[in-house]
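Below are some questions and answers on a single protein model, covering its pocket, a record annotation and a sheet.

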Amino acid sequence: MKEIILIKLGELVLKGLNRRAFEDTLLKNLRHHLEPLGKFDIRSRQSAVTVMPREEVDMDEAMDRVGHVFGIATYVRAGVAPKNMDKIELAAADYLRRELLAAHTFKVEAKRSDKKFPIKSPQICAELGGCLLEHFPNLKVDVHHPDVAVYVEVRDFGAYIHSNPKRGAGGIPVGTGGKAALLISGGIDSPVAAWRMARRGVELTAVHFASPPYTSERAEQKVVDLLTQVSSYAGRIPMYTVPFAHVQEEIRDKCPEDLFTLLMRRFMMRVSQQIAVQNDCLTLITGESLGQVASQTMQAICCTDACVSMPVFRPLIGSDKTEIVDTARKIGTFDISIEPYEDCCTVFTPKHPCTKPHEDKLERAEQLLDVEALVQECIQNASLRVVQPR
């Protein structure tokens with residue numbers, strides 16, 4: 001039997017005159033995610049998308065990749081039958097045999113999107129339900145809490161038969177929400193922030209600050225691994241690696257110790273803003289959560305933002321650590337984040353960091369530094385690579 005992946009759209013169906021643009025971006029993203037597996041016909045029709053292989057492909061892997069595409073509410077493998085009731089009954093009994101043999105209860109739900117089909121949805125349910133009871137004497141009908149829900153959808157190109165659909169990644173397609181520059185470390189938080197913003201359609205450019213010889217090449221590779229996992233949802237991600245040790249040494253040698261972390265973060269924001277502008281990004285993204293560490297108090301965040309003119313999005317700002325860790329596990333970044341390779345944020349950490357800074361104090365400390373020269377040095381020495389999904 002011919003098999004497809006049947007996709008239902010999420011909040012895209014609520015869009016107005018620009019809905020077509022959102023759907024076109026979703027189809028483009030689907031093609032990009034599925035391209036390594038083979039050739040597919042991908043069509044959008046009646047608030048659903050069908051993904052039909054044009055050759056033999058790994059459908060399990062295709063399902064996994066579809067599950068990583070933002071903009072999808074549900075998705076499921078479905079058998080395709082001709083729009084004939086007798087053939088629909090035979091196809092359902094054959095295609096769902098394994099699930100129905102293992103179940104005790106079931107129900108049938110039907111949707112007749114093709115109104116030319118002569119049998120209405122309630123009658124489809126009744127006829128197919130009776131047929132399945134004859135084929136599978138182990139089954140009883142339970143319309144409230146069935147072990148298996150059998151779905152029949154009569155659409156333009158055939159009758160699609162499937163059981164319980166999977167929940168999709170949700171959100172809106174990457175590329176419909178603008179571009180942003182992500183400040184990413186090797187920790188748990190920033191990859192989750194990246195995933196959350198990509199889920200809102202944002203196309204990401206990553207900025208990572210490395211501090212050799214204080215940090216190792218393996219620490220940088222850890223960030224590449226994190227972005228590779230995020231890119232399985234977000235698509236290709238340009239990654240700028242910025243040498244940052246000289247800036248940190250200058251701050252250590254010339255500025256008050258308790259301000260070190262805040263001064264460092266202000267430099268990171270300045271450098272990231274310039275990289276963002278070069279890449280047509282409209283905002284910065286960080287993984288900060290209010291009050292989580294000394295540099296993430298409200299006063300510290302305000303002082304950090306004051307040195308840039310670009311908006312800063314913090315999708316984790318109201319999340320606690322347990323929620324962030326749960327999401328990291330869900331998207332597959334947690335085990336990478338806890339690898340024991342420290343990033344530049346752990347270099348020269350003050351014993352007693354300032355938690356309630358005043359901007360004028362930070363500005364006086366920065367007068368001891370050649371801020372613009374240090375920022376330009378970072379920009380000129382930054383290296384670029386593009387991280388792709390595996």
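Q: How do the residues of the lining of the largest pocket divide into nonpolar, polar and charged?
A: This is a predicted model. Its largest pocket holds about 730 Å³ of space, and 35 residues line that pocket. By residue class, the lining divides into 14 nonpolar, 14 polar and seven charged.

Q: Which residues lining the largest pocket are the closest to its centre?
A: The lining of the largest pocket has 35 residues in total. Those closest to the centre of the pocket are S185, R265, Q296, D343 and C345.

Q: Which element gives the most to the lining of the largest pocket?
A: Two or more lining residues come from each of α6 (189-199), β11 (203-210) and α9 (260-278). The element that gives the most, with four residues, is α9.

Q: Which strands are the edge strands of the open sheet of six strands?
A: The sheet has mixed pairing and the order β14-β13-β10-β11-β12-β15. An edge strand here pairs on one side only. That applies to β14 (312-313) and β15 (383-387).

Terms used
Residues are numbered from 1 along each chain as its sequence is written. This is a predicted model: local features need pLDDT of at least 70, side-chain atom pairs count only at pLDDT 80 or more; totals for chains, interfaces and linings use all residues. Side-chain values use heavy atoms; hydrogens and water are left out. On a 1 Å grid over the protein atoms alone, a cavity is a set of points where a 1.4 Å probe fits but cannot get out, and a pocket is an open set with protein on both sides within 12 Å along at least five of seven lines; lining residues have an atom within 4 Å of a point. Grid points are joined across faces, edges and corners, and a volume is the space filled by probe spheres set on the points. Ala, Val, Leu, Ile, Met, Phe, Trp, Tyr, Cys and Pro count as nonpolar, Asp, Glu, Lys and Arg as charged, and the others, Gly among them, as polar. Two strands pair if DSSP finds at least two bridges between them.
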